[in-house]
Amino acid sequence: MSDFDPGRRRFLGHLGLAGLGALGASSFLSACASSASGPTTGNGSGAVTIQSNLSSPQAKAAMEKLIANFNAQGKGTASLNTIASETFRTQLPTYLTSANPPDLYTWYAGSVANDYASKSLLLDVSDVWKSLGDYPQSLRTLSTDASGKQIFVPMNNYWWGFFYRKSNFAKWGVQEPKTWTEFLALCETLKGKGVPPIGIGLGDTPWVASAWFDYLNIRINGAPFHRELLAGKQRFDDPKVKAVFTRWREALPYFDPKGKAYPFQEATTALLAGKTGMFLIGTFFADAAPKDALGDLDFFRFPIIDPAVPLAEEAPTDGFFASAKTANPTGTKALLTYLSGVEAQEAYVKASSGIVLPANPKAKASDSPLVVKGKAMLDEAKELTQFFNRDSSDALQPTADTALTKFIDKPDQIDAILREWQAGAEKVFKG
């Protein structure tokens with residue numbers, strides 16, 4: 001379900017909304033609130049308004065289909081308001097703290113949801129979870145706040161990996177690497193053929209670099225250390241963290257130099273056009289890929305660096321949470337119950353790119369080779385992480401954006417960069 005607008009022009013156009021300022025944001029939220037208080041259902045409650053960040057064409061169409069199906073059942077009324085993801089991200093705190101907020105939100109589980117719950121901004125949806133007995137305990141735990149209440153309903157999860165076009169790898173005569181040594185050798189081969197080996201998109205989406213940090217850290221230091229670091233229990237200037245950048249520096253010569261200037265959407269375009277060899281990204285990028293290209297896509301897991309470190313993978317979980325101030329908690333929970341079901345989750349998979357894994361264990365995922373391979377990779381992992389800001393906080397993400405982009409530009413300054421990162425993190429953790 002994670003989604004980012006597929007075109008740079010549209011992406012930047014939507015970002016203009018984030019710069020409206022207090023007055024513009026207030027007017028925008030008033031418009032959302034008015035739609036939430038629109039037509040009434042049979043029990044006199046207002047229609048449930050969903051604020052969605054799923055703005056790529058396929059994901060948006062899939063959500064529209066789900067809402068139409070729900071409305072057709074006659075159990076309530078819902079309306080969908082779709083916002084570009086980066087605008088959604090910056091406006092989410094304002095949505096939740098406004099006087100008349102939207103009822104329901106597409107977003108993700110983890111520390112961000114828990115932080116909103118700790119401020120009494122999220123609806124207790126433990127009632128919904130009473131009907132989700134088939135869901136695994138891991139998802140229930142992920143959806144539970146510090147007080148023991150469920151505040152999130154999962155819809156699906158997905159994986160990250162090095163994506164590439166099978167036809168291009170065949171043309172270049174190369175194969176998937178399994179170890180870091182093999183990965184660097186692959187990069188050297190592609191570079192020798194005149195192909196920038198590694199795509200990256202940092203222009204307006206610097207958070208993409210966090211995937212590299214996450215994976216190198218969990219491959220070298222393990223998932224428990226990674227979580228502790230992101231929770232403020234370890235230091236970013238620790239020698240263990242410096243070791244992450246020592247390895248990363250080995251790969252820097254193989255990054256597409258143009259990738260610093262444009263966002264990940266254009267990095268996706270470059271990959272599909274064969275202008276780069278591979279791209280570390282989440283499956284959400286495929287929502288913007290042409291349907292005829294999906295069958296040519298493949299991926300490999302982030303290479304193993306230390307076989308003694310338990311295998312971990314990034315598997316962000318997406319779904320819904322609701323405003324504690326919803327005027328229609330009954331209708332909101334009814335919609336959440338529908339969205340957690342097999343019918344809705346299979347419909348979403350079918351209508352979107354299909355490269356996601358439904359949260360409901362009885363719902364069928366796509367049987368495409370790509371999805372089967374992704375599920376097997378996650379099943380094999382000993383531990384699952386979410387993503388930098390999901391395992392830490394949205395407040396800590398800018399510290400990562402600053403540190404990681406500076407490292408890519410000036411790797412010789414890593415000691416100073418890590419000291420600055422630790423100082424910035426301390427400000428976040430101390431509030």
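A: Let's start with a pair of helices in this predicted model: α12 passes α20 in a right-handed crossing. Helix α12 covers residues 239–251 and helix α20 covers residues 414–430; their axes come within 11 Å and cross at roughly 130°.

Sorted by class, the contact of α12 with α20 has five nonpolar and two charged residues, with no polar ones.

Now turn to another neighbour of α12. Helix α9 spans residues 180–192, and its axis comes within 10 Å of the axis of α12, with a crossing of roughly 30°. Angles under 35 degrees count as roughly parallel, and α9 and α12 are therefore roughly parallel to each other. Here α9 brings Trp180, Phe183 and Leu184, while α12 brings Arg247, Glu250 and Ala251. The contact of α9 with α12 has four nonpolar residues, two charged ones and no polar ones.

If you wonder why I keep giving two values for each pair, it is because two packed helices are described by the angle between their axes and the distance between the axes.

Next, let's look at the strands. An open sheet holds four of them in the order β6-β7-β5-β8, and the pairing is mixed. At its edges are β6 (198–199) and β8 (297–300), each pairing on one side only. Strand β5, residues 160–165, pairs with β8 in the antiparallel sense over four bridges. You can find one such link by looking for Phe163, whose bridge partner in β8 is Phe299.

Helix α13 (residues 264–272) touches β5, β7 (278–282) and β8, and its direction makes about 135° with that of β7. Helix α17 (residues 369–380) touches β5 and β8, and its direction makes about 15° with that of β8.

Strands β1 (residues 48–52) and β2 (residues 78–82) run parallel and are joined by five bridges. In this pair, Ile50 stands opposite Leu80 in β2. Together with helix α3, residues 57–72, β1 and β2 make a right-handed β-α-β unit.

Key
Residues numbered from 1 in each chain as written. Predicted model: local features only at pLDDT ≥ 70, side-chain atom pairs only at ≥ 80, totals over all residues. Heavy atoms only, no water. Axes fitted to C-alpha atoms, helices over the stretch in contact; angles between N-to-C directions. Helix = DSSP H or I, 4+ residues; strand = E, 2+ residues; numbered from the N terminus. Left-handed = near helix turned anticlockwise from the far one by under 90°. Nonpolar A, V, L, I, M, F, W, Y, C, P; charged D, E, K, R; others polar. Pairing = 2+ DSSP bridges. Contact = heavy atoms within 4.5 Å. Right-handed = clockwise from strand over helix to strand, strands pointing away. Parallel < 35°, antiparallel > 145°, perpendicular 65-115°, else oblique.
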